[in-house]
Amino acid sequence: MNDDEAIALAIAEAKAAGARGEVPVGALLLGADGAVLAQDGNRIVERHDPTAHAEMLVLRAGAAALGNERLGGATLYVSLEPCAMCAGAMSLARVARLVFAAEDPKGGAVLHGPRFFDQPTCHHRPQVSRAGDVAAAGDILKNFFRARR
């Protein structure tokens, strides 16, 4: 599976999250061998859990599937630039690559805000790249919030 195909699956999870009334963010985690370890969307409202971001859910599920808290060689695909909490979890899990579609100037922590992976206190920095339909990923979020205003 290439990066654009994987991001498309993350965007599908984002759409499903939005349909559940969650902020529409989706994620997909591929193991070092390219196998899908987990995919999910935000479930913060559903679980009454402020940490139930899509990235956190797939990191937890991937670690459980592998029986290891370290996800060396794994690639995390996300429809939206991760926040500081999720970036920190990726670093702790030793994710090899992060690929995301839409930027998040307000809450993102990779290209924006604290630029988590650029900090000297960050012990592991995944390779970061962009892929997928950036406009579609951004439009899902814009439309979700527009409908709630």
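R20 is partly exposed, with a relative accessible area of 31% (buried means under 20%, exposed over 50%, and partly exposed in between, with a 1.4 Å probe and protein chains only). Its side chain meets that of E46 in a salt bridge, at 3.7 Å from N to O (a side-chain nitrogen of Lys or Arg within 4 Å of a carboxyl oxygen of Asp or Glu). R20 sits in the loop between α1 and β1 (26-30) while E46 belongs to helix α2 (residues 44-47), so the pair ties together parts that are 26 residues apart in sequence. Helices (H or I, at least four residues) and strands (E, at least two) are DSSP runs here, numbered from the N terminus. E46 has 42% relative accessibility, so E46 is partly exposed too.

Some bookkeeping before we go on. You're looking at a predicted model, where local features need pLDDT of at least 70 and side-chain atom pairs count only at pLDDT 80 or more, while totals for chains, interfaces and linings use all residues. Residues are numbered from 1 along each chain as its sequence is written, and side-chain values use heavy atoms, with hydrogens and water left out.

Now zoom out. What pattern does the protein follow along its sequence? Reading along the chain gives α-β-β-α-α-β-α-β-β-α, built from five helices and five strands. The radius of gyration is 14 Å, close to the 15 Å that the globule rule gives for 149 residues, so the protein is as compact as a globular protein of that length. That radius is taken over C-alpha atoms, and the rule is 2.2 Å times the number of residues to the power 0.38. Along the principal axes, the C-alpha atoms fill a box of roughly 40 × 30 × 30 Å, and 48% of the 149 residues count as buried.

Back to the charges. Side chains of opposite charge can pair when their charged atoms come close. How many salt bridges does a search of the whole structure find? It turns up five. One of them joins R97 to D3, with the closest N and O atoms 2.8 Å apart. R97 is in strand β4 (residues 97-102) and D3 in helix α1 (residues 3-19), so this pair ties together parts that are 94 residues apart in sequence. R97, at 21% relative accessibility, is partly exposed, and D3, at 23%, is partly exposed as well.

Another salt bridge brings together the side chains of R130 and E103, at 2.9 Å from N to O. Here strand β5 (residues 127-130) supplies R130 and the loop between β4 and β5 supplies E103, so parts 27 residues apart in sequence are tied together. R130 has a relative accessible area of 34%, which makes R130 partly exposed, and E103 is likewise partly exposed at 36%. Salt bridges that share partners also link R20, D40, R43 and E46 into one network.

R146 lies in helix α5 (residues 134-147) and is exposed, at 53% relative accessibility. Helix α5 also holds D139, which is partly exposed at 38%. D139 gathers with D4, E5 and D133 in a surface patch of negative charge.

There's a nonpolar patch on the surface as well: M1, L9 and V36, with about 250 Å² of accessible area together. L9 is in helix α1 and is partly exposed, with a relative accessible area of 33%.

Finally, check the backbone. Most residues other than glycine have a negative phi. R94, in the loop between α4 (84-93) and β4, has a positive phi near 65°. R115, in the loop between β4 and β5, has a positive phi near 45°. R94 is partly exposed at 26% relative accessibility, and R115 is partly exposed at 41%.

Notes:
Patches are made of residues with over 30% relative accessible area and no salt bridge: like charges are joined within 9 Å, nonpolar side chains (Val, Leu, Ile, Met, Phe, Trp, Tyr) within 5 Å. Accessible areas come from the Shrake-Rupley method with a 1.4 Å probe; for residues, only the protein chains shown count as cover. Lys and Arg count as positive and Asp and Glu as negative; His and the chain ends are not counted. The place of a charge is taken as NZ of Lys, CZ of Arg, CG of Asp or CD of Glu.
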